[in-house]
Amino acid sequence: MSTEIPVPDIGDFDSVEIIEILVKIGDVIKKNDSIVTLESDKSSVEVPSPYEGKILELNVKIGDKVSKGSILALIENNAASKVKPTNKKSVEDKASIRKEDNILPITEKIIEQAESVIKPKNEKTQITPNKVYHQPNGSDIDPVETQEWLDSLEGVLQKDGSDRAQYLLKKLTDEAYKEGSNQPITRITPYINTIPVESEVKSPGDQNIERRIRSLIRWNSAAMVVKANKKNPELGGHIGTFASAATLYDVGMNHFWRAKNNKFGGDLVYFQGHSAPGMYARAFLEGRLSAKQLGNFRQEVDVDGLSSYPHPWLMPKFWQFPTVSMGLGPVLSIYQARFTKYLINRGLLKDENRKIWTFLGDGETDEPESLGAISLASREKLDNLIFVINCNLQRLDGPVRGNGKIIQELEGIFRGAGWNVIKVIWGSYWDQLLAKDKTGLLIKRMNECVDGEYQAFKANDGSYVREKFFGKYPELKDLVSTMTDRDIWKLNRGGHDPHKVYAAYDEAMKTKGKPTVILAKTIKGYGMGKSGESINITHQQKKLGEEDLLYYRDRFDIPLTDKQVRNVEFYKPDEKSEEIKYLKERRMRLGGDLPERTSFAKPIKKPSKDIFENMLKSSGDREMSTTMALVRMLTNLLRDKNIAPRLVPIIPDEARTFGMEGFFRKIGIYAHEGQKYEPEDSDQLSSYREDKKGQVLEEGITETGAMSSFIAAGTSYTNHDLEMVPVYTFYSMFGFQRVMDLIWSAGDSQTRGFLVGATSGRTTLAGEGLQHQDGHSQIMASTIPNCVSYDPTFAYELAIIFREGLKRMHDHQENVFYYLTTMNENYRHPEIPKNCENGILKGMYLFKEFNNKGKTKVQLLGSGTILREMIFAAEILSKEYNIDSDVWSVTSFNELRKDGMKTERKNLRNPTEKPKKSYVEECLSKRDGPIIAASDYMRSFADQIRPYTSKAFYSFGTDGYGRSDSRKNLRKFFEVDKEHIVTYTLSALAKEQLISSNEAEKAIKKYNIDKNKPIPTVL
Ligand SMILES: Cc1ncc(C[n+]2csc(CCOP(=O)(O)OP(=O)(O)O)c2C)c(N)n1
Ligand SMILES: [Mg+2]
């Protein structure tokens, strides 16, 4: 039987135009296949068929306007009659229940009965302010009663285990809360290790060999820094950080971190930036780096230098993640873990239980980026994520929390955010002492000491610790009375104890349903002795003197002679030595080398030609913005079988601003738990559809998070051997300006993808005002070497640029990313002129010539929406002043500058050769008249090409703060409207003595240009 397909609820729109018909009569379609595309002023959406079957009739054509209920087509479908039409009734029923405010008498009675049962709070249960529960200093007022409670707890623990005990404690807390105790139970546990000794999983490693290997790594990493600074003190470097973290890295390298190979995708490790020397030192022992390379630490200009910090751009086969700008590693890794799950849930990646490990400093947690996204990690149940925070209690200048305890503070924060927290505070030598302490005073003392004191303990010696730490309570002094000062000094910290670290890593690996953070207590500058152990200047210490070096050698038993030490030689045992064999064997078992950056991704195949075809045609009478054109283009790309699954639209809560809400229904919003609710707009075409397999990353209001997702998706070709095409669309002002450092690191990471600054331009976005109107993001984009940026005006330009971007990043595997600015100003888009593709990509092409008036000529260069002001100005100049012009569409002043710079440099380096012409010169040198260039960006955007032309050059732009007003008023204010362009052009021609100055003067009067108006930068 035949059934009609009507337009469903399209939200707040009426009379919406059909811009595409996606089926033909006779087509057999599946349910949810798209039938037509509708486009309103704000967005374009595809209408899906509610049935499967054969299209019998099409009732609409392109250009028709339709509303909800309009019939689009007839479909032959046997099941259609059985398919329930949209269940209007049930929706109405729900509404009527919601509207039902009056409570029925029977309900009222039940409520009354219930209320009568609830005991009024009697006086006894009220907490009387006078009652004393404990002493002000926290000590116990009734130790006997306390002991009874503790005994009960012990009984429960023994009989029913810790889960039951936790349950009872929670019940007690809830009860106390109901009865008026509003003090939340603390999220902080005592200052001891989270994993009890008896639950520790033991390392299978040979501890003696591992210690020897670790010592060699320590030596070589310190020697590398000292050697570089002996050569040249400008080079810098850090010894103390890796010295504190060596065990944390070693245990991971020897036992946990699996490399990428042909059988496994590999764990991803974000190394703490300034611990890089330690990673080089290990790679040296593994034979991956030579002694010569180690000797070139921080000397990167010539070949074979080792980069100061992890920079994939500088060491593209080694480093995977740039981390040294503090805070970026943590946030990037959270989104990396999330993106890995996204790929798995979308069926693009096998779930191999790969882990993402992130190392950061305790001082680094001061950065908002470090902690700002931790709740996302627990919300998304990222049990593939493990943070290791090296709590050496110090940052650059001094203690991280001298008056407090960073580990406790972080425990509270992470536990509160829903993470699994594992504290690794004390090493094994403490186990016996803790077991022997029956008074509880040892833990009390551990709890009450602040980090400033803990730092001072390790800056001194055993006798100092005896006196200052244990000496506070006679019972504790007794506890260590049989120990020598040396023994006391040996009481180690958890982060330096491979057993404790192993147990923590093992537990982190097994944790399900939440991310884990390991808070490891260490000593900054461990082993450096007087020259840098636990002292405030440790961080900066890079020049160990002879004595210090000899001490370090002895401390770690490095088999070097005094002479070799004085020469700061590296040490690598024979290839056949136990150490080297062990080291290599461990890595072999874990699948290969780490860190290592490779890509075995298959290039995404080119989209079919017709995907971009309709954007090259004129839009006719139809006006639209370039943002809308972009959405149309993405919609088309989603029909291409090669690109569609790889497209990752990323939006920080701004889809509706850009008209992208059509994607919600079409490809779904990624939600790891699917959608647990019926969205209120479920009947609508662009319903808010969340899906476990959803494709859109709707990030919420976090540009930092969205940018991190962009980097994760754009580096997927190396981290997952899977090319993806992220398109991150944002309010252009909240892009570069907000997250420049992340964009810089995207460049370093060799991210591929498209950043789209929508609603861009200082006067193009009218109403939003100073904080929203962007007139400089293009300039910021120009500072990133591998960012290719364009400010196109017309839909065909956008299409050509996007198509080229796909080609460069995927066909040619170039490590570049694109920044495109799109606008929200609606206008008509012409058909692509002939032979302009090359010019579009190079940065400018001749759009139109105004000839035949012959009086004089001018070159008008415009970019973005200001090109249109230029075109209008050219018309006025031609009609009213008989002035000819060539109008150039400048798609990228940035690309033109790059070409100019390259050409100029080449000419300077080859003075005897015939100079080459820059592309700007090629375009303009044979054309007459001065150059007038304008854009919706600061003048310096257009000024970039000034050196590459020998003509008089005038640039106009939007320097100054934006403000809210109509587009027309704003363009007048910034002097980039057609009237100003005409006037300034006449003045420029007069200055060049090509016309009389009176003409310019007359125009100033005609257009009411106030000569006394200050320049907008001061307004
Ligand atoms: C964004 C940023 N700000 C400042 C620095 C300079 N810096 C490098 S290391 C460091 C101190 C790091 O302390 P912490 O995180 O505790 O690491 P540790 O060396 O103690 O392991 C600072 C301030 C930086 N690298 N990045
Ligand atoms: Mg630190």
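What volume does the second largest cavity have? About 80 Å³.

**Basis of the views.** This is a predicted model, in which local features need pLDDT of at least 70, side-chain atom pairs count only at pLDDT 80 or more, and totals for chains, interfaces and linings use all residues. Residues are numbered from 1 along each chain as its sequence is written, and side-chain values use heavy atoms, without hydrogens and water.

**View 1. Cavities in the structure.** Nine cavities of 30 Å³ or more are present. A cavity is a set of points, on a 1 Å grid over the protein atoms alone, where a 1.4 Å probe fits but cannot get out. Points are joined across faces, edges and corners, and a volume is the space filled by probe spheres set on them.

**View 2. The largest cavity.** Its volume is about 120 Å³. Lining residues (an atom within 4 Å of a point) include Trp426, Trp430, Phe469 and Arg493. Helix H15 (residues 451-459) gives the largest share, three residues. Helices are DSSP runs (H or I, at least four residues), numbered from the N terminus. The lining divides into nine nonpolar, one polar and two charged residues. Nonpolar means Ala, Val, Leu, Ile, Met, Phe, Trp, Tyr, Cys and Pro; charged means Asp, Glu, Lys and Arg; the others, Gly among them, are polar.

**View 3. The second largest cavity.** Tyr270, Gln320, Pro322 and Ser749 are among the residues that line this cavity. Helices H9 (328-345) and H27 (703-714) each supply at least two lining residues. H27 gives the most, with three. Six lining residues are nonpolar, six are polar and none is charged.

Terms used: Chains are lettered from A and ligands numbered from 1 in the order in which they are written. On a 1 Å grid over the protein atoms alone, a cavity is a set of points where a 1.4 Å probe fits but cannot get out, and a pocket is an open set with protein on both sides within 12 Å along at least five of seven lines; lining residues have an atom within 4 Å of a point.
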